[in-house]
Amino acid sequence: GVGKTNIVANLAYALSKRGKKVLVIDADLGLNNIDILLGLTPKYHIGHVLSGERNVEDIIVKGPGDLAVLPAGDGLQELTQLESEKKMLLMDELDKVSLGYDFLIFDTGAGISANVTYFCSAAHEIILVATTEPTSLTDVYALIKVLHQKYAQKHFRLIINAVNSEREAQSVFRNLSAVTDKFLRNVSVEYLGFILSDPNVPKAVRQQKAVMDLYPYSKFSQCIQ
């Protein structure tokens, strides 16, 4: 509920509009989000790749701004806990198509499930999203801790979403940094930026469009840029 999917969709849209080739992977397997958010109706999903029925190229759909989306399945519980061989199969398939893109962005699920930590550990960069709510910060800290202890991840970047000012965002960042500095050695959390609270975001969600597509001059869109 911190706005990960919205940030991923609009970041991908912004990059695509700047001439970059972007593939968004809906990595919240079993609960499709990104295609619903963007008003897409895919015929196939990651489940069809893992079963061998389709390859990755077959299931990619075009989104707004010419970005590409790899959809997850809807309500498929078997996808929420993938076996190691299935994860490797998916990564092999992604390797094949990755040469055609400048950016692959994984929109993971929430929490610290095996799927979430696997996709985070496979990525070159981990971008965390937090809000001002205390529960959000404890969740972010838990994910950092697991990725550091189990996967030796040391560098993280943080976006503070839905704030009223940059000052508020900086305060949230300082609180998280103080905890990680105290309890997790050799971990660095970099402040990547903030996104202002914006009434245009829920409006765009209801219309199943990217905020940057509908409201390019909104506070949210300016922050994403």
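The model is predicted. The chain has 225 residues, and its radius of gyration of 17 Å agrees with the value near 17 Å for a compact globule of that length. Its secondary structure comprises 11 helices and seven strands.

**Overall dimensions and surface**

- The C-alpha trace spans about 50 × 40 × 30 Å along its principal axes.
- Buried residues make up 48% of the 225 in the chain.
- Take the contacts between residues at least 6 apart in sequence: 73% of them join residues at least 24 apart.

**Helices α5 and α6**

- Helix α5 covers residues 84-98, and helix α6 covers residues 114-122.
- Their axes come within 12 Å and cross at roughly 35°.
- The crossing of α5 past α6 is right-handed.
- On the α5 side, K87, M88, L90 and M91 make the contact.

**S136**

- S136 sits in helix α7, which runs over residues 134-151.
- S136 has 5% relative accessibility, so it counts as buried; the cut-off for buried is under 20%.
- Beyond its neighbours within four places in sequence, S136 is in contact with V2, A130 and T131.

Key:
Residues numbered from 1 in each chain as written. Predicted model: local features only at pLDDT ≥ 70, side-chain atom pairs only at ≥ 80, totals over all residues. Heavy atoms only, no water. Axes fitted to C-alpha atoms, helices over the stretch in contact; angles between N-to-C directions. Helix = DSSP H or I, 4+ residues; strand = E, 2+ residues; numbered from the N terminus. Left-handed = near helix turned anticlockwise from the far one by under 90°. Contact = heavy atoms within 4.5 Å. Buried < 20%, exposed > 50% of the residue type's maximum accessible area, 1.4 Å probe, protein only. Rg over C-alpha atoms; globule rule 2.2 N^0.38 Å.
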